[in-house]
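Subject: Structure handover

Hello,

Here is the structure you asked for, followed by notes on what was found in it.

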Amino acid sequence: MHKIAILSRKGGAGKTTLAVHLAAAAERSGQKSAILDLDQQASAAAWSDLRADPRPEVQICQPHRIVRSLAALQDCNLVIFDTAPHAEVGALAAARAADIVIIPCRPSYFDMQALDAVLDIVQIAKAKPVAVLNAIPPRGQSAAEARAALASWGIDVLAPTLGQRQAFVHALNSGLAVEEYEPRSKAAAEVRAVHTALMHRLDGLRIADTGS
């Protein structure tokens, strides 16, 4: 089982968007996935309630129940923790339980300023962080500038990015992922690229941990 914690101390960074799309992409690739929704707003659970398809499974979870919840999901290939922006206990518990911490980050000054608190949690949890650039405008140099800023912080940045696309909004409002809503869209291709890159990263970590 691979475990991903999605952390950001800023609301609107795209945590739930990334969580549900990674889980849906895993399902479409033949894996079984689940989301543990640690956010009091329960946005991932609300998205799941809109769906006709019960997969990926979404469970509302309290931080102290993470270990028990994971034990009940042993048949899953991927479990994603969707955390709240202002809940240190939940974020720390998720980071400690995860194989990798994903930090979704929009290319804005305010998102960059929110990184300090996330990195504090990552350091305490002794977790492996990687940033995913999200809501990238279709024109301009904002992605390159954000990538350079994150690198100056010493934060690893995933090569694929997610664009600022209405397909994400329309899909989520319908209880779908963009691969289901518009499978041939740029948004769907971006999700597939992010999912593939993260799976390669997780597989690499597992090989390194086992020494094989």
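Which residues point one way from S2, and which the other way? Ser-33, Ile-35 and Asp-37 point one way, while Ala-34 and Leu-36 point the other way, and all are buried. Buried here is under 20% relative accessible area, exposed is over 50%, and partly exposed lies in between, using a 1.4 Å probe and protein chains only.

On provenance: this is a predicted model, in which local features need pLDDT of at least 70 and side-chain atom pairs count only at pLDDT 80 or more, while totals for chains, interfaces and linings use all residues. Residues are numbered from 1 along each chain as its sequence is written, and side-chain values use heavy atoms, with hydrogens and water left out.

Sheet

Six strands form an open sheet in the order S3-S2-S4-S1-S5-S6, with parallel pairing. The edges are taken by S3 (57–60) and S6 (129–133), each of which has a single partner strand, so one side of each is left without a neighbour in the sheet. From one strand to the next, the twist averages 25°; axes are lines fitted to C-alpha atoms, for helices over the stretch in contact, and angles run from 0 to 180 degrees between N-to-C directions. Strands (E, at least two residues) and helices (H or I, at least four) are DSSP runs numbered from the N terminus, and two strands pair if DSSP finds at least two bridges between them.

Strand S2 covers residues 33–37 and runs parallel to S4 (residues 78–82), joined by five bridges. S2 also pairs with S3 in the parallel sense, over four bridges. Ile-35 has Ile-80 as its bridge partner in S4 and Val-58 as its bridge partner in S3. Asp-37 stands opposite Asp-82 in S4. Five of the five residues of S2 are buried, so S2 is largely enclosed by the rest of the structure.

Cores

A nonpolar core is a set of buried Ala, Val, Leu, Ile, Met, Phe, Trp, Tyr and Cys residues joined through side-chain atoms within 4.5 Å. The largest has 36 residues, and Ile-4, Ile-80 and Ile-102 have the most contacts inside it. Among the elements that each supply at least two residues are S1 (2–6), S5 (100–105) and H10 (186–210). H10 gives the most to this core, with nine residues. Leaving aside neighbours within four places in sequence, Ile-80 is in contact (heavy atoms within 4.5 Å) with residues including Ile-4, Ile-6, Leu-22 and Ile-35. A second, separate core of 35 residues includes Cys-61, Phe-81, Val-101 and Cys-105.

Pro-104

Pro-104 is found in strand S5 and counts as buried, at 2% relative accessibility. Pro-104 and Leu-115 are eleven residues apart in sequence and 10 Å apart in space, C-alpha to C-alpha.

The largest pocket has a volume of about 730 Å³. Of the 35 residues that line this pocket, Gly-12, Gly-14, Lys-15, Thr-16 and Ser-43 are the closest to its centre. H8 gives the most to the lining, with five residues. A pocket is an open set of points on a 1 Å grid over the protein atoms alone, where a 1.4 Å probe fits, with protein on both sides within 12 Å along at least five of seven lines; lining residues have an atom within 4 Å of a point. Grid points are joined across faces, edges and corners, and the volume is the space filled by probe spheres set on the points.

Regards
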